[in-house]
Amino acid sequence: MTIQEALNIFGLSGQLTKEDIKKAYRKASLKHHPDRNKDNPIAAEIMKAINAAFDFLSANFDKINDYQASDEKSHYNYGEELERVLSELTALAGIVFEVIGNWVWISGDTKTHKDVLKLMGCKWASQKKQWFYRPEEHKSRRNRKEHTLDEIREMYGTNGQRKSYGRKTVENRA
């Protein structure tokens, strides 16, 4: 995750204070907290992305105002985009998804939904044999160490429990 990607979870840009970030975190948490949205299967997944972004920004606060993207096109509300994508995924029978950091990893009956996943902007990870959705501005960095999903989960502090919502299955890692 980059600083800009974390800021985009909250739709933040410009000169920011710690209080601005805390306020955006509280607002997003109130909107998406699973205890307030018991009937919404994606609330817990969105909350994981919100927590990961807040933790990242808190750990890197001294760098936020220096390392934001200067290009205005890089500033957008990825939180809203993430909510849209997760809602679309829950409508696909047999799909299992998991939010790790700000990426969505997709497995299950993906072959049936291959064209829909492509239209949503999902990409295929051949080494992991899963689809994923990520912030558009995230560029693949060549020559980086390839991580397993378990290593990625460990980096973002998630562990697995599978939850089923009727026909919809959501991978819940809390």
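Visitor: How do H2 and H3 cross, and how close do their axes come?
Guide: In this predicted model, the axes of helix H2 (residues 18–32) and H3 come within 10 Å and cross at roughly 170 degrees. H2 is therefore roughly antiparallel to H3. Angles under 35 degrees count as roughly parallel, over 145 as roughly antiparallel, 65 to 115 as roughly perpendicular and the rest as oblique. Axes are lines fitted to C-alpha atoms, for helices over the stretch in contact, and the angles run from 0 to 180 degrees between N-to-C directions. Helices (H or I, at least four residues) and strands (E, at least two) are DSSP runs, numbered from the N terminus.

Visitor: Which residues make that contact?
Guide: H2 contributes Ile21, Lys22, Tyr25, Ala28, Ser29 and His32, while H3 contributes Ala43, Ile46, Met47, Ile50, Asn51, Phe54 and Leu57. Contact means heavy atoms within 4.5 Å. By class, nine of the residues are nonpolar, three polar and one charged. Here Ala, Val, Leu, Ile, Met, Phe, Trp, Tyr, Cys and Pro count as nonpolar, Asp, Glu, Lys and Arg as charged, and the others, Gly among them, as polar.

Visitor: What about H1 and H3, at what angle do they cross?
Guide: The axes of helix H1 (residues 3–10) and helix H3 (residues 43–59) cross at roughly 130 degrees and come within 9 Å. These two helices are therefore oblique to each other. H1 passes H3 in a left-handed crossing, a term used if the near helix is turned anticlockwise from the far one by less than a right angle, with right-handed used if clockwise.

Visitor: Which residues meet there?
Guide: Ile3, Ala6, Leu7, Ile9 and Phe10 of H1 meet Ala49, Ile50, Ala53, Phe54, Phe56 and Leu57 of H3. This contact has 11 nonpolar residues, no polar and no charged.

Visitor: Is H3 itself mostly covered or uncovered?
Guide: H3 is mostly covered, with 12 of its 17 residues buried. Buried means under 20% relative accessible area, exposed over 50%, and partly exposed in between (1.4 Å probe, protein chains only). The helix reaches 24 Å from its first C-alpha to its last, close to the 24 Å expected at 1.5 Å a residue. The expected span is 1.5 Å times one less than the number of residues.

Visitor: Let me pick alanine 49. What does it touch?
Guide: Alanine 49 lies in helix H3 and is buried, with a relative accessible area of 0%. Leaving aside neighbours within four places in sequence, alanine 49 is in contact with Ile9, Leu82, Val99 and Gly101. Its C-alpha atom is separated by 8.1 Å from that of tryptophan 103, 54 residues apart along the chain.

Visitor: And isoleucine 46, buried or exposed?
Guide: Isoleucine 46 counts as buried, at 3% relative accessibility. Leaving aside neighbours within four places in sequence, isoleucine 46 is in contact with His32, Glu83 and Leu86.

Visitor: Changing topic: how far does H5 span?
Guide: The end C-alpha atoms of helix H5 (residues 78–90) are 18 Å apart, which agrees with the 18 Å that its 13 residues should span at 1.5 Å a residue. Its buried residues include Tyr78, Leu82 and Leu86.

Visitor: Where does lysine 129 sit?
Guide: Lysine 129 lies in the loop between strand E3 (123–125) and strand E4 (130–133). The residue is exposed, with a relative accessible area of 61%. Lysine 129 has a positive phi of about 55 degrees although it is not a glycine. Most residues other than glycine have a negative phi.

Visitor: What about threonine 110, where is its place?
Guide: Threonine 110 is in the loop between strand E2 (103–108) and helix H6 (114–120). At 12% relative accessibility, threonine 110 counts as buried. Not counting residues up to four places away in sequence, threonine 110 touches Ile95, Leu117 and Trp131.

Visitor: Finally, how many helices and strands does the chain have?
Guide: The chain has seven helices and six strands. Of its 174 residues, 45% count as buried.

Definitions and conventions:
Residues numbered from 1 in each chain as written. Predicted model: local features only at pLDDT ≥ 70, side-chain atom pairs only at ≥ 80, totals over all residues. Heavy atoms only, no water.
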